[in-house]
Amino acid sequence: MRSFQLLYLFVFIVFWIFIGFGAYSSIRKIIQKKGFKIGYWGYSIFIVISFIFLYIYPNQPREAKNYLVYFYFNAFLFIDFIIKIILSVFFIFGLFLKQKRIVSFAGIIIASGLGIGILFGLTEGKNDIKITRIELLFDTLPVGFDNFRIVHISDIHLGSISQSGSLLPKIEEKITAISPDLLLFTGDLVNNFSDETEGWGELFNRITSRCESISILGNHDYGDYAEWDKESDKTENFNVIVQAHSKLGFTLLQNEYKIIHRENDSVFIVGVENWGHPPFPQYANLEKASTGIPG
């Protein structure tokens, strides 16, 4: 696994340097000032050093809790990567055309526009909440559940959300406006660690107290993506996350079901644990979760 990671890292860096030369050559046709070369490659060296610092030594993503630092660096690196690919492509096109400066200039305009668009999406766009309304029709649905409203949310990843931000309050407003009969949360409450759940109780309980609220676990809730000194630390972390679901107002289903009643009718809500394709862990047990439900 270690050799694979090093090989992957080596290929990435080589490709990044390759497109870096292409981007430099493209911009160089427009900007010919002496300081540009120093500034461009100085910036590139800074990116490489930052990447090594965050991903190789002394930091490791599996041990990180400063998720926002990684988010913004990854966003910046992604934009840098896309822009350099575009500039490199236009540089190659320019090799076969006479108007090389015009081609380079067009590449810079397109790359800059796309970069700004991606930056907006990664910063402001991620707080733009969209609601998808789906009407489900079942011949076997009990009469009492006609017009029953369910809100489904997922993958909150509390470690990546600032408690002073507006994302979750916006979610609260949207859910309140819908006035659901049932709230379903389908996993990934945290990125890795149980302390990410601290300080959210008041806000979540305002949301979950409005209706029956049921949750299941996601792949990030098990602590499988973090490094642990002892297995008992991982177990304790998991147990606190499980308890957090209850503190936040959810009924957590771990390979089990819950009966929802409405008027004289009822339905069964089945909740299984996370299931991933190998080599990811497989915790789900649908047979166990369904045991006791009438056929």
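Predicted model: local features only at pLDDT ≥ 70, side-chain atom pairs only at ≥ 80, totals over all residues.
Local features need pLDDT of at least 70 and side-chain atom pairs count only at pLDDT 80 or more, whereas totals for chains, interfaces and linings use all residues. Residues are numbered from 1 along each chain as its sequence is written, and side-chain values use heavy atoms, with hydrogens and water left out.

Helices (H or I, at least four residues) and strands (E, at least two) are DSSP runs, numbered from the N terminus. Four strands form an open sheet with parallel pairing, in the order β1-β2-β3-β4; two strands pair if DSSP finds at least two bridges between them. Pairing on one side only marks β1 (150-153) and β4 (251-252) as the edge strands. Strands β2 (residues 182-186) and β3 (residues 212-216) run parallel and are joined by five bridges. Leu184 has Ile214 as its bridge partner in β3.

Helix α5 (residues 167-178) has twelve residues, which at 1.5 Å a residue should span 16 Å, in agreement with the 17 Å between its end C-alpha atoms; the expected span is 1.5 Å times one less than the number of residues. Leu167, Leu168, Ile171, Glu172, Ile175 and Ile178 of α5 are buried (under 20% relative accessible area; exposed is over 50%, partly exposed in between, with a 1.4 Å probe and protein chains only). These residues lie on the same side of α5 because they cover an arc of only 140° around the axis, taken from the directions from the helix axis to the C-beta atoms. Glu173 and Ala177, on the other side of α5, are exposed. The buried residues of α5 pack against β1, β2 and α6 (201-208), contact being heavy atoms within 4.5 Å. Ser179, with a positive phi near 55°, follows α5.
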